[in-house]
Amino acid sequence: MIVLFAFFVVVVSVPLTGGDLRRLTDLQIRAPWLIAATFIGQVMVTDVFSRQLAGTPGAVLHVVTYLSAFAFMWLNLHVRGLWLIVLGGFMNFVAIAANGGVMPTTQWALDTAGAEAASGEEFKNSGVVEDARLVFLGDFLAIPERFPLANVFSIGDIVLVIGVAVVLHVHSRREIDARRDEGDAATASPS
């Protein structure tokens, strides 16, 4: 939830800082259905069918959603700044894949955020994993429960949000930058 809120803040920050979100329609995005399938798949696995997908089925499908996200990103590496989103996603993917399809977290992070550990009756994308690997890439950071949107999150999530901010801000300003460059060139040339 905190990552989605951070994405919302990034989107809102574009027009507040002089960018134009309409410029994003100029991006040549390939296979947008892949990223849509990724988000739908993630919601289905972690929220809608979490009880039906408890255990291995949920873990496998969770990893597959990341593979579809990477396919989308590979097809769109021409988009400036996308590499940061890829890096954040890859950091999360590595932690998830190394832990059997579950993002490892710590009991401290869960307690701090006031979150409950997964019961074995439903699939949770983040949970305490016995003998977890690469915990430093897992959801070991937490917003305390006394704050709104308390939750656990990872370094990969932070990199993802920064990547989205870079992509949105860079591509929402291209026309503005071009006009400024033209104005600078006009004032620099002798009359």
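**Notebook: loops, salt bridges and a pocket**

I began with V129, which I found placed in the loop between β2 (126-128) and β3 (141-142), where helices (H or I, at least four residues) and strands (E, at least two) are DSSP runs numbered from the N terminus. I note here that this is a predicted model, in which local features need pLDDT of at least 70 and side-chain atom pairs count only at pLDDT 80 or more, while totals for chains, interfaces and linings use all residues. Residues are numbered from 1 along each chain as its sequence is written, and side-chain values use heavy atoms, with hydrogens and water left out.

**V129 and its surroundings**

I looked up the accessibility of V129 and recorded it as partly exposed, because its relative accessibility is 22%; buried means under 20% relative accessible area, exposed over 50%, and partly exposed in between, with a 1.4 Å probe and protein chains only. Leaving aside neighbours within four places in sequence, I listed N99, V102 and P104 as the residues in contact with V129, contact meaning heavy atoms within 4.5 Å. I also took the C-alpha to C-alpha distance from V129 to Q107, which is 9.7 Å for a separation of 22 residues in sequence.

**Salt bridges**

How many salt bridges does the structure hold? I counted two, a salt bridge being a side-chain nitrogen of Lys or Arg within 4 Å of a carboxyl oxygen of Asp or Glu. One of them joins R22 to D20, with 3.0 Å between the closest N and O atoms; R22 counts as exposed at 63% relative accessibility, whereas D20 counts as partly exposed at 23%. In another entry I have the side chains of R23 and D26 meeting at 2.5 Å, N to O. Here R23 counts as buried, since its relative accessibility is 16%, and D26 counts as partly exposed at 34%.

**Positive phi values**

I then checked backbone angles, and at A31, in the loop between α1 and α2, I found phi near 50 degrees, a positive value in a residue other than glycine. A31 counts as buried, with 18% relative accessibility. L149, in the loop between β3 and β4 (152-153), likewise has a positive phi without being glycine, near 60 degrees, and L149 counts as partly exposed at 30%.

**A residue in helix α3**

Is T65 buried or exposed? I recorded T65, which is found in helix α3, as buried, because its relative accessibility is 6%. Apart from neighbours within four places in sequence, T65 is in contact with T38, G41 and Q42.

**The largest pocket**

Last I turned to the largest pocket, which holds about 1,700 Å³ of space. On a 1 Å grid over the protein atoms alone, a pocket is an open set of points where a 1.4 Å probe fits, with protein on both sides within 12 Å along at least five of seven lines, and lining residues have an atom within 4 Å of a point. I counted 49 lining residues, with V3, L4, F7, F39 and Q42 lying nearest the centre of the pocket. The elements that give two or more residues to this lining are α1 (2-16), α2 (32-48), α3 (56-75), α4 (82-98) and α6 (155-171). By class, I sorted the lining into 31 nonpolar, 12 polar and six charged residues, where Ala, Val, Leu, Ile, Met, Phe, Trp, Tyr, Cys and Pro count as nonpolar, Asp, Glu, Lys and Arg as charged, and the others, Gly among them, as polar.

Conventions:
Grid points are joined across faces, edges and corners, and a volume is the space filled by probe spheres set on the points.
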